[in-house]
Amino acid sequence: MTRFTDDQMRAAMSTTREYTVVLLEEGPQYGADGADAIIWEHGRRNFELRADGLLNVVCPIRDDSPLCGIGIFPGTADDVRRLMDDDPGVRAGVFSYRIHPTRSFPGDALGM
């Protein structure tokens with residue numbers, strides 16, 4: 001395992017920037033008639049947000065828990081709250097969400 005000195009860690013940590021993690025959960029209308037079409041449009045919007053640089057990472061959750069997905073957005077919690085409040089799934093009550101401000105390293109990515 002690669003070892004880091006305290007100085008190397010401090011230098012790297014100074015390059016972090018603000019991100020916001022969104023935990024997307026089942027809302028009261030999850031599973032209702034018509035929810036599948038709303039979820040499809042939610043997915044389309046995620047593609048658009050990614051293409052516009054407003055959503056860095058999107059991870060649908062594929063288990064039986066009420067957690068539906070995780071998103072990592074650049075920017076502040078207030079900015080992301082405005083984006084999420086306009087999400088078709090959130091507006092329709094199919095999803096609810098929780099926001100968690102965080103910091104990370106620019107350029108971090110999921111491996112291939």
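1. Strand 2 (residues 57–60) and strand 3 form a hairpin, with six residues between them. The two pair in the antiparallel sense over four bridges, and Pro 60 has Gly 69 as its bridge partner in strand 3. Strands here are DSSP runs of E, at least two residues, and helices are runs of H or I, at least four, numbered from the N terminus; pairing needs at least two DSSP bridges.

2. This is a predicted model, with local features needing pLDDT of at least 70 and side-chain atom pairs pLDDT 80 or more, while totals for chains, interfaces and linings use all residues. Residues are numbered from 1 along each chain as its sequence is written, and side-chain values use heavy atoms, leaving out hydrogens and water.

3. Strand 3 (residues 67–74) also runs antiparallel to strand 1 (residues 17–26), joined by seven bridges. Tyr 19 is bridged to Pro 74 of strand 3.

4. Which residues touch the most other members of the largest nonpolar core? They are Val 22, Phe 73, Met 84 and Tyr 97, out of 15 residues. Strand 1, helix 2 (35–51), strand 3, helix 3 (77–85) and strand 4 (95–104) each supply at least two residues of this core. Such a core joins buried (under 20% relative accessible area, 1.4 Å probe, protein chains only) Ala, Val, Leu, Ile, Met, Phe, Trp, Tyr and Cys residues through side-chain atoms within 4.5 Å.

5. Phe 73 deserves a look: leaving aside neighbours within four places in sequence, its contacts (heavy atoms within 4.5 Å) include Tyr 19, Val 22, Leu 49, Val 80 and Met 84.

Conventions
Buried means under 20% relative accessible area, exposed over 50%, partly exposed in between (1.4 Å probe, protein chains only).
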